[in-house]
Amino acid sequence: MDTATRPAAAQDPQLPEVDAAPGPAAVRQFRQVLEAGDRQLRARFEAEEPVEALVRDRARLIDIALVRAWRMHLGDAHGELALVAVGGYGRGELHPCSDIDIMVVVPAGDDSAWRERVSGFLTFLWDIGMEVGHSVRTLADCEREAAADVTVVTTLMESRLLDGAPGLFEAMQAATAPERVWPAAEFFTAKRDEQTARHHRYHDTAHNLEPNIKGTPGGLRDIQVVCWIAKRQFGVGSLHQLAQQGFLTDYEYRRLLAGQNFLWKIRWALHTVTGRREDRLLFDHQVKLAKLFGYEDASYTLAVEQFMQKYYRTVQELARLNEMLLQLFEEAILLDPAAPPRPLNARFQVRNEFLEVTDEEVFERTPSALLEIFLLLQQEPGLKGVSARTIRLLRRALPLIDEEFRQNPRHHRLFMDIIKAPEGVTHELRRMNRYGVLGRYIPAFGRVTGRMQFDLFHAYTVDAHTLFVVSNLRRFALARFDHEMPMCSRIMQALPKPELAYLAGLFHDIAKGRGGDHSELGAVDAEAFCLEHGLSPYDARLVAWLVRHHLTFSITAQKKDIHDPAVVASFARTVGDETRLDYLYVLTVADVRGTSPKLWNAWKASLFEEFYLSVKRALRAGLESPIDSEQLVAETQDAALALLAARGIRAARAREVWGGFAQEYFLRHTPEEIAWHIRVLATLEDRGEQAAVSVEQQTGRGGTAIMVCTQSGQHSFARATGALDELGLNILDARVVPVGDGRNVHTYVVLESDGSPIDDHERLVQIETAVRKATLEHADRMPTVLRQPPRQVRLFTTPTRIAFSRDEANGRTVVELIAADRPGLLCEVGKAFVECGLSLRAAKIMTVGERAEDVFYITELGGETLDAAACAALEQRLKARLDQPEAVA
């Protein structure tokens with residue numbers, strides 16, 4: 001940037017003269033000037049001055065302050081050493097709270113003339129509030145450390161002399177030059193590997209809920225990697241010079257510069273809003289920045305969602321450019337440009353294991369090559385990728401994918417060949433998305449590219465989530481991944497047309513953000529697309545049905561009583577046949593696993609598998625032959641008796657213990673759980689005791705189960721859930737059944753808060769002790785959960801909504817509760833049941849990001865369903881406890 005364009009205050013702050021004495025007055029004056037400079041820069045940012053001027057002017061402000069302080073402390077010795085800016089500061093780029101990294105290069109030998117002065121200089125910087133990262137090195141130190149660590153040589157490459165001995169600085173540059181350490185080829189390989197490892201830390205996607213604008217794919221670090229490699233190999237120190245050297249087209253240069261400036265603007269705002277060095281675009285920051293940048297809520301999209309969509313699309317474009325430029329550098333640095341090509345057909349050839357076009361007019365002459373290239377990559381799995389020149393030509397040809405292109409039957413066949421390919425389906429769909437082809441070929445997909453949903457449930461943008469779903473389906477289809485999800489793999493590999501599942505995965509969320517039911521709207525798009533692409537009407541309707549019902553299995557399994565034969569029969573009627581069930585099951589599992597890494601756990605896997613098998617059994621029995629509850633009970637009892645016999649408990653003794661149990665007990669518990677309960681209850685009877693708490697790791701439910709046997713009316717649900725919540729456990733399921741003699745058996749299934757199983761013995765003892773104290777030893781007082789909700793949850797406001805319905809067949813009232821999720825929620829619900837004199841029979845616990853969507857099955861204490869007055873009283877009490885807890889504390 002031309003210094004003549006800088007405001008005078010930024011380039012010439014009124015700092016003490018160099019002969020002034022260091023001391024309190026100097027500290028005070030330096031502080032005042034730096035604070036004034038920061039205020040001015042903030043005002044310029046708020047006035048919407050270009051951020052690229054601000055980052056350089058802040059570096060200039062620090063330059064002047066450092067040089068003045070350096071000369072003040074070093075005196076006549078300042079010219080014998082070299083004061084050097086390194087890292088980002090060396091590039092002349094500083095955000096409000098960026099690291100200020102400096103290095104003092106010193107001559108070898110006696111340091112007595114300057115050691116104390118340098119120490120005083122560094123202390124002074126701390127006194128004036130300038131937190132610097134510093135090092136003091138000789139030339140030998142620089143060369144040795146640069147040779148040992150690529151990050152050190154990278155830092156020194158960006159060094160800039162601030163003041164002192166030019167000869168010493170130039171000697172340092174020569175000592176760390178490519179001909180001395182880290183030749184260009186080794187440097188390129190190290191930086192590329194470093195970038196790959198960094199991308200892995202962010203799950204190889206920039207589309208996370210709270211992205212790191214510096215480290216994620218397409219972030220600022222990716223731009224810096226390009227510049228570092230260009231400087232090391234070609235002596236090119238800026239994006240502009242890259243364009244001048246022909247590595248970037250003018251359009252690519254403008255896109256790269258615009259993307260960098262947009263990320264700089266976000267980073268400057270983050271530092272300003274937080275008052276610290278912050279590169280994470282956290283939820284609360286997203287809202288503030290969207291407002292700061294002038295976004296407003298629209299009909300179907302929030303301001304923050306619009307802002308974040310621009311962010312995600314920007315980093316996706318930057319990731320594309322990074323990939324292309326690194327490929328270009330690899331070809332120039334590591335590969336043989338004279339290597340003979342291996343022809344594949346008239347349009348494509350392979351050179352140095354990269355696919356390339358035979359000439360620059362291929363895509364214009366044969367537009368179908370825009371799809372064919374991805375099919376060839378599938379058919380040639382040994383290829384490393386696409387040449388940089390071909391990527392550039394493909395991007396330039398994207399406008400050829402228009403409505404006429406999309407209606408061409410040849411292109412339909414090519415796309416379906418890609419979907420049906422035995423290998424590389426997910427890889428090439430992701431590549432199509434990166435290069436912009438997928439969004440052009442399916443315009444509805446293009447509209448959801450980069451689209452985020454401002455909640456804690458969806459961890460990725462719609463396009464990233466969609467491709468994760470297809471990836472999960474592909475892993476089910478490939479035998480080498482059978483060990484991950486054996487049942488899903490078995491089902492998927494038996495499907496007659498797996499490509500129908502991939503198409504359903506591709507379209508299941510494609511209508512997000514349009515308003516209306518995205519499942520219904522997406523089903524219409526899916527059916528039309530399938531018919532256009534030559535699928536039979538039956539197959540097209542099946543894909544549309546899967547899109548329409550892609551949430552049905554999950555919602556039913558998690559919010560309804562799947563042990564109720566009527567629920568299973570109703571769902572079986574919705575599905576209609578086993579083929580549809582198989583497709584829907586694998587799509588559901590792939591969808592849930594692709595929504596968030598934390599959403600899938602052993603409990604959910606067990607729940608879905610149990611429901612799938614129940615529905616499959618109902619379908620095999622025939623829709624006209626409802627499930628026989630008595631037969632189910634008999635089979636469950638027989639299985640439990642076999643387990644008990646293996647533990648030395650005779651069938652007669654088991655039947656004696658469960659003699660007073662109602663039928664619902666056997667319908668709602670697995671044989672493993674029943675065997676466990678009977679062992680505990682039999683021991684209680686032998687001891688003449690009435691109450692017990694037991695913890696079991698393996699119950700067939702995919703989690704740790706806690707059994708509480710107490711007298712009715714002791715409000716054990718509120719007490720037990722309060723204890724479990726205070727321990728930071730995730731409560732997944734709760735069932736309460738009477739077992740005779742005025743006693744109830746509660747069964748809770750829990751995992752750790754991160755979804756991991758509980759396998760530490762001391763932790764299990766801690767759980768049992770806490771629940772025992774809460775339910776048995778301190779049953780005279782209600783618990784209070786003091787644990788605070790996570791930061792992210794506190795950012796959202798979820799109004800409490802309550803709906804009532806009747807489960808006539810089982811004589812229960814169903815309470816559906818939607819409320820803000822937080823520690824102690826179930827405990828507060830349990831207290832409301834106590835206060836209204838109600839009995840809990842079962843609870844279905846479902847957390848959707850920041851929102852709890854729980855279902856409770858309750859009755860009056862006498863077993864009757866609730867009348868209208870009782871429902872109204874409960875609703876009032878629940879809202880009082882959940883919305884105004886201080887009023888009932």
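Author: Helices (H or I, at least four residues) and strands (E, at least two) are DSSP runs, numbered from the N terminus. This is a predicted model, in which local features need pLDDT of at least 70 and side-chain atom pairs count only at pLDDT 80 or more, while totals for chains, interfaces and linings use all residues. Residues are numbered from 1 along each chain as its sequence is written, and side-chain values use heavy atoms, with hydrogens and water left out.

Reader: In which helix is Asp582 found?

Author: Asp582 belongs to helix α30.

Reader: Is Asp582 buried or exposed?

Author: Buried means under 20% relative accessible area, exposed over 50%, and partly exposed in between (1.4 Å probe, protein chains only). Asp582 has 15% relative accessibility and therefore counts as buried.

Reader: With which residues is Asp582 in contact, leaving aside its neighbours within four places in sequence?

Author: Contact means heavy atoms within 4.5 Å. Beyond its neighbours within four places in sequence, Asp582 is in contact with Ile491, Leu495, Tyr612 and Lys616. With the side chain of Tyr612, the side chain of Asp582 also makes a polar contact at 2.5 Å. A polar contact is a pair of N or O atoms within 3.5 Å; within protein, one must be able to donate a hydrogen and the other to accept it, and residues adjacent in sequence count only if both atoms are side-chain atoms.

Reader: How do the axes of α30 and α31 cross?

Author: Two packed helices are described by the angle between their axes and the distance between the axes. Axes are lines fitted to C-alpha atoms, for helices over the stretch in contact, and angles run from 0 to 180 degrees between N-to-C directions. The axes of α30 (residues 578-595) and α31 (residues 602-621) come within 10 Å and cross at roughly 170°. The two helices α30 and α31 are therefore roughly antiparallel to each other, a term for angles over 145 degrees.

Reader: Which residues of α30 and α31 meet?

Author: On the α30 side they include Glu578, Leu581, Asp582 and Tyr585, and on the α31 side Lys604, Phe608 and Tyr612 are among them. The residues of this contact of α30 with α31 divide into 8 nonpolar, 1 polar and 6 charged. Here Ala, Val, Leu, Ile, Met, Phe, Trp, Tyr, Cys and Pro count as nonpolar, Asp, Glu, Lys and Arg as charged, and the others, Gly among them, as polar.

Reader: What is the order of the strands in the open sheet that holds β5?

Author: Two strands pair if DSSP finds at least two bridges between them. This open sheet has 4 strands in the order β5-β6-β7-β8, with mixed pairing. β5 (342-343) and β8 (385-386) stand at the edges with a single partner strand each, so one side of each is left without a neighbour in the sheet. β5 pairs with β6 (residues 348-351) in the antiparallel sense over 2 bridges, and Val350 in β6 is the bridge partner of Arg342. Helix α17 (residues 388-396) lies across β7 (354-357) and β8, at about 50° to β7.

Notes: Parallel < 35°, antiparallel > 145°, perpendicular 65-115°, else oblique.
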